[in-house]
4 protein chains.
Amino acid sequence: MSTDRLRVAVVGAGYWGPNLVRNFAASDDWDLVAVCDLDLERARRVTQQLPGIRIESSLDVLLADDDVDAVAIATPARTHHGIALAALRAGKHVLVEKPLADTSERGREMVAVAQENGLVLMCDHTYCYTPAVSKIRELVADGALGEILFIDSVRINLGLIQPDVDVLWDLAPHDLSVFDFVLPGGLQPLGVSAQGADPLGAGKSCVGYLSLPLVGGALAHVHVNWMSPTKIRQMVIGGTERTLVWDDLNLVQRVSVFDRGVDLIDRPESGAERTARTIAYRVGDTWSPALDEKEALRSMVEEFAASIHGGRQPRTDGTAGLRILDVLEAAGRSLRQAGELQPLAASGWRHPAVAVAG
Amino acid sequence: MSTDRLRVAVVGAGYWGPNLVRNFAASDDWDLVAVCDLDLERARRVTQQLPGIRIESSLDVLLADDDVDAVAIATPARTHHGIALAALRAGKHVLVEKPLADTSERGREMVAVAQENGLVLMCDHTYCYTPAVSKIRELVADGALGEILFIDSVRINLGLIQPDVDVLWDLAPHDLSVFDFVLPGGLQPLGVSAQGADPLGAGKSCVGYLSLPLVGGALAHVHVNWMSPTKIRQMVIGGTERTLVWDDLNLVQRVSVFDRGVDLIDRPESGAERTARTIAYRVGDTWSPALDEKEALRSMVEEFAASIHGGRQPRTDGTAGLRILDVLEAAGRSLRQAGELQPLAASGWRHPAVAVAG
Amino acid sequence: MSTDRLRVAVVGAGYWGPNLVRNFAASDDWDLVAVCDLDLERARRVTQQLPGIRIESSLDVLLADDDVDAVAIATPARTHHGIALAALRAGKHVLVEKPLADTSERGREMVAVAQENGLVLMCDHTYCYTPAVSKIRELVADGALGEILFIDSVRINLGLIQPDVDVLWDLAPHDLSVFDFVLPGGLQPLGVSAQGADPLGAGKSCVGYLSLPLVGGALAHVHVNWMSPTKIRQMVIGGTERTLVWDDLNLVQRVSVFDRGVDLIDRPESGAERTARTIAYRVGDTWSPALDEKEALRSMVEEFAASIHGGRQPRTDGTAGLRILDVLEAAGRSLRQAGELQPLAASGWRHPAVAVAG
Amino acid sequence: MSTDRLRVAVVGAGYWGPNLVRNFAASDDWDLVAVCDLDLERARRVTQQLPGIRIESSLDVLLADDDVDAVAIATPARTHHGIALAALRAGKHVLVEKPLADTSERGREMVAVAQENGLVLMCDHTYCYTPAVSKIRELVADGALGEILFIDSVRINLGLIQPDVDVLWDLAPHDLSVFDFVLPGGLQPLGVSAQGADPLGAGKSCVGYLSLPLVGGALAHVHVNWMSPTKIRQMVIGGTERTLVWDDLNLVQRVSVFDRGVDLIDRPESGAERTARTIAYRVGDTWSPALDEKEALRSMVEEFAASIHGGRQPRTDGTAGLRILDVLEAAGRSLRQAGELQPLAASGWRHPAVAVAG
């Protein structure tokens with residue numbers, strides 16, 4: 001293991017690539033050595049203020065370079081599999097934009113190849129690296145909320161109708177990756193039921209809902225919508241001890257913790273365990289933690305470096321991406337079957353630590 | 001038809017009865033003549049400031065009285081059927097609290113008996129008589145929103161867990177009755193898919209979701225929750241022309257109309273009609289109509305009187321109550337079948353005008 | 001001292017009287033024995049649901065009654081002095097609506113006569129008995145805010161233009177009485193500067209501002225306005241340790257405490273004490289205390305009884321009312337002199353405990 | 001008059017200079033030819049991504065250059081006068097940051113010299129070029145608000161305590177320049193009364209209030225505060241017809257127009273004109289106009305170019321800056337005299353159109 005600066009190349013200079021370029025270039029952990037895009041002009045534009053970065057249109061040439069330790073992939077989802085496999089087989093660590101791949105089968109192969117080669121495969125689930133979500137994960141892990149009872153996420157506003165994917169594939173990965181990140185043990189749904197509608201005739205769902213019964217009786221739910229002029233980005237996580245509200249558009253109070261909620265009063269004298277429980281309400285203080293100002297992508301590239309140096313899985317590893325893909329695919333099946341619940345393995349497996357050639 | 005004051009008796013002096021008593025007593029359209037409750041003391045309490053109101057513990061005695069034109073029923077749901085049928089058969093017009101009955105079969109009989117006897121059967125869907133919902137109905141009817149694309153309602157906060165019904169039966173009638181009231185042609189779902197969870201072991205769903213695909217491709221959705229310390233009562237109605245947001249907890253701007261949204265641009269040169277549509281976004285002004293201050297129940301008792309005098313169905317008649325029951329029953333079936341879509345007739349039939357012995 | 005129920009009569013059955021009637025009638029500390037109003041019909045209306053309450057049009061007759069321990073005065077301000085003096089001289093404890101009197105001279109006489117007779121004279125500064133203000137007083141007293149730096153209150157909305165008083169006399173007593181209640185040592189301004197305007201030609205100020213430099217260098221400020229369609233009722237209290245915001249229209253988070261603010265860093269090496277201070281900013285959590293649901297007037301009538309039983313001054317005694325009157329009179333002088341600062345004694349004296357014939 | 005691109009040099013590469021550099025560089029109206037700063041390294045940094053911009057440390061050399069049409073000054077306020085006079089005497093048009101100068105006397109000389117030389121002297125009152133303020137000016141000018149009754153501006157949050165100026169000189173120019181921009185005829189106060197406090201011992205006011213009685217009986221008021229952890233940037237403009245609220249932190253509804261307010265009902269039968277007016281309240285719709293997304297500084301540099309090409313005064317000319325200086329100086333006098341109203345000329349003169357050598 002070494003703490004030297006790692007050398008990274010960004011593949012894809014389109015919508016998200018420039019953000020990666022900017023953050024790798026600004027990081028103390030990384031040397032950004034190359035940007036690769038079939039459109040050389042586009043690659044040139046994103047690096048014009050960064051002297052010394054190589055421009056490359058050939059992935060093969062790039063991967064043949066021993067000077068590259070890692071590759072960050074910001075290309076369309078259908079190309080993730082091919083590029084990632086090539087990179088992993090060339091011995092490069094890989095960061096890949098969400099979704100991990102366009103099918104879970106391909107995603108699974110990517111995870112397997114990374115494991116075989118002892119390399120890090122990380123998903124850029126950006127929201128997980130925001131100060132708000134980091135704090136939420138910490139609070140849930142510390143038991144501040146108690147047992148989780150429900151988790152409800154709304155992400156709606158006027159959005160571009162994507163040419164290739166529906167609103168569930170476009171927006172729900174954000175919510176699902178946060179669920180996966182903050183729930184103890186990750187997102188382990190017993191199944192998924194999906195509803196969607198295409199009232200505009202766009203050829204795909206423009207509003208969608210996901211219901212995910214969880215192990216232990218809790219219910220997770222997602223509402224995504226491209227057609228709402230009111231912007232809402234709000235997640236409520238209800239627990240037996242406290243309830244948390246993350247309102248991402250409330251700049252002055254993004255995360256609120258309500259010491260209020262439902263108490264279970266066990267009555268030992270009663271026979272049956274379930275019916276013996278009496279429910280009481282509690283009113284208490286509200287508390288809003290101060291949050292760091294750190295940019296999410298900066299934390300994300302740090303975690304990518306730290307996982308390579310540490311020879312460990314990153315916090316949003318390939319299997320996290322796989323859990324999201326499994327849900328999205330099952331949601332697609334459910335949509336086609338009028339919302340029927342599609343069972344999921346709920347294995348919730350996490351990658352064992354690997355020895356990484358750091 | 002007469003415009004004389006009508007004479008009404010309120011049956012049930014429990015939770016909701018006092019509100020009816022107060023509003024009938026204050027109305028120029030009505031003479032409140034009696035309050036009937038098995039618990040005479042309770043009946044006495046709600047009338048102690050109203051001299052001259054008869055107290056009655058026997059329904060039979062009450063209904064035998066020729067001085068009573070109409071009966072308002074505010075008793076538990078399972079008793080609605082029996083009391084309403086007795087009243088209708090005694091020639092009284094009937095107002096009944098939501099839900100209309102505890103089963104759709106019984107509700108259907110109530111509607112039939114009212115029709116046979118040429119009497120008004122009205123549901124007290126209180127929200128429909130608020131100034132906000134009246135304005136929304138008017139705007140939708142005037143085409144201000146264009147074609148409806150989606151309608152999403154959230155009604156969550158810490159609520160008492162009811163002994164006999166789940167959260168869907170307790171809260172969703174509010175949302176569904178508003179859907180039914182504002183949608184042109186009423187609520188005509190093709191089916192309903194329901195999800196619920198009981199993470200506390202309360203023996204019934206404490207959080208629930210309903211998805212209702214509508215004729216024409218729109219999707220209606222309801223989220224009700226007894227376990228949230230954050231109170232949200234918000235409905236978004238998206239249309240092709242404008243989108244409306246009703247935030248019932250925003251006292252200064254309850255209804256907002258966004259002249260913003262999605263435009264369909266038909267391209268005539270293209271072959272297939274559907275794929276020829278291009279979607280564009282539009283940003284415009286927001287407008288918030290001034291609302292009357294009138295109490296909903298006051299408007300409701302006026303409508304009850306007006307429908308009797310006019311020999312017409314009230315705006316929230318028995319069939320409206322029936323449409324809600326049909327959805328709730330189908331939701332129960334869906335819950336028991338893991339969210340499977342339960343088809344509904346989508347008949348959306350409305351009662352023909354009846355000749356009422358006003 | 002006795003803890004028996006005390007007997008009270010309410011004088012004045014107009015705008016505020018019914019609220020007092022309702023709360024005295026519901027209190028376990030009080031027997032409401034009479035309501036006195038020159039307009040007997042009005043007195044009858046407010047007691048019609050309260051059997052056994054005497055109706056009286058003559059103050060003299062009322063005061064001659066040995067069955068009355070205390071009198072609550074809810075008549076126009078200009079009559080407070082006469083009624084209160086008569087009551088005090090008849091040996092009755094007195095509660096009086098805000099403002100204490102129409103001039104500070106008269107108020108001072110009321111305080112003196114109460115003291116001479118060993119009787120309680122209390123001001124109904126209602127806001128001081130709200131759960132929010134009680135909590136604020138407690139937090140300030142506990143040092144949670146540190147030294148007070150500034151206190152700013154805004155109370156604006158469309159309001160009825162009063163026939164006899166300007167907006168400062170109408171609304172500012174609310175803000176000033178809260179200042180007096182929560183500031184340690186009470187409201188002790190060094191002076192007051194007032195600005196007002198009458199752009200409508202109403203014959204009196206319809207918008208007004210008060211600036212009150214306080215002992216110790218802090219500044220208090222009030223903005224009252226009858227002409228604003230936006231309703232704002234917000235007070236910010238800045239301290240060296242924390243800052244508190246009371247937003248009375250925010251039903252879900254009325255009081256917020258920001259653990260954020262300005263730190264004074266004393267540099268001992270420096271010569272002059274003042275210039276040695278360096279200022280730093282701090283960002284911390286926000287906290288919103290749960291508040292009781294108790295009605296303010298209920299707490300107020302309890303305090304009136306407790307002060308009589310305890311032979312002590314109530315929390316909002318006559319001298320508190322006097323401090324408000326002193327500010328309002330000085331504000332009037334300032335208004336007539338183009339905002340010139342009018343010095344105030346800043347004596348901030350509080351009444352010594354009296355022996356009350358409880 | 002020519003519509004050729006104008007050549008501009010930015011003087012001062014500190015806090016605000018880079019914003020001017022960026023906007024001049026991006027403008028179609030301008031060629032940014034040089035950046036001048038005594039600290040050449042700082043000048044280099046702001047231009048490193050802009051090839052071909054000259055770096056200059058000598059103002060004399062810069063001004064001797066015939067290739068420069070205009071100079072934008074973003075240096076400390078005390079240097080504005082010297083730099084601007086030198087530039088104007090060298091025949092350059094001048095844009096200067098707020099405040100225009102550090103004394104009104106110096107500002108007046110700058111205005112005079114610009115006029116003598118037929119050159120544009122413009123103040124960068126940035127807020128006036130925001131889409132919100134542009135819309136407000138338009139609404140006021142169109143009479144949408146009727147006669148102005150009051151205008152109240154609050155601008156508070158945790159702010160850096162400035163080394164050289166108090167909170168009034170630091171923040172109030174924003175509010176005053178907007179008043180000047182939106183009020184018909186500009187800001188014409190009859191006088192100013194100022195209150196301030198320095199409870200931290202910072203050596204200058206950290207909280208301040210300005211009251212400005214206006215011609216016609218309206219009252220303008222400003223509250224600025226460096227010590228508040230709650231950020232408020234809100235302006236309310238009350239008129240006889242409508243009232244407008246500009247809440248700069250409300251991203252979804254920045255400007256709201258309330259068709260609600262106070263009606264003056266003249267009663268002709270009455271004798272005295274003033275007392276004959278009866279006041280009535282009106283409740284109507286609220287309306288929130290859609291606003292452009294255009295950056296304020298981009299509009300500002302366009303106006304600078306347009307005023308030069310058009311041989312006319314810019315919308316925020318030197319005399320506008322002078323009106324702000326007059327208020328700030330009078331406020332300083334008022335502060336030193338315990339808030340005494342300092343009369344102002346209220347001349348409200350605006351610069352006559354000049355023939356500019358465009």
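Me: How many residues of chain B are in contact with chain A, and with how many residues there?

Reply: Contact means heavy atoms within 4.5 Å. By that rule, 50 residues of chain B touch 49 residues of chain A. This is a predicted model, in which local features need pLDDT of at least 70 and side-chain atom pairs count only at pLDDT 80 or more, while totals for chains, interfaces and linings use all residues; side-chain values use heavy atoms, with hydrogens and water left out. Residues are numbered from 1 along each chain as its sequence is written, and chains are lettered from A and ligands numbered from 1 in the order in which they are written.

Me: What area is buried between chain B and chain A?

Reply: Buried area is the accessible area (1.4 Å probe) that two parts lose on being put together, summed over both. Between chain B and chain A that area is about 4,000 Å², and carbon and sulfur atoms give 67% of it. On the side of chain B, Leu200(B), Pro229(B) and Tyr281(B) lose the most area to chain A, together 16% of what that side buries.

Me: How are chain D and chain C related?

Reply: Chain D is laid on chain C by a turn of 180 degrees and a shift of 0.0 Å along the axis, with an RMSD of 0.0 Å. The two copies are thus related as by a two-fold rotation axis. The same surface serves both copies, as 100% of the contact residues of chain D recur in chain C. In chain D, Glu340(D) comes closest to the axis, at 2.4 Å (C-alpha).

Me: How do helix 1 and helix 8 of chain B pack?

Reply: Two packed helices are described by the angle between their axes and the distance between the axes. Axes are lines fitted to C-alpha atoms, for helices over the stretch in contact, and angles run from 0 to 180 degrees between N-to-C directions. Helices (H or I, at least four residues) and strands (E, at least two) are DSSP runs, numbered from the N terminus. In chain B, helix 1 (residues 17–26) and helix 8 (residues 296–310) pack at an angle of about 65 degrees, with their axes 9 Å apart. Angles under 35 degrees count as roughly parallel, over 145 as roughly antiparallel, 65 to 115 as roughly perpendicular and the rest as oblique. Helix 1 of chain B and helix 8 of chain B are therefore roughly perpendicular to each other.

Me: Which residues of helix 1 of chain B meet helix 8 of chain B?

Reply: From helix 1 of chain B, Asn19(B), Leu20(B), Asn23(B) and Phe24(B) meet Leu297(B), Arg298(B), Met300(B), Val301(B) and Phe304(B) of helix 8 of chain B. These contact residues divide into six nonpolar, two polar and one charged. Ala, Val, Leu, Ile, Met, Phe, Trp, Tyr, Cys and Pro count as nonpolar, Asp, Glu, Lys and Arg as charged, and the others, Gly among them, as polar.

Me: Where in chain C is there a cis peptide bond?

Reply: The peptide bond from Lys98(C) to Pro99(C) is cis, with omega near -5 degrees. Pro99(C) lies in the loop between strand 5 (93–97) and helix 5 (104–116) of chain C.

Conventions: Copies are superposed by least squares on the C-alpha atoms of residues with pLDDT of at least 70 in both.
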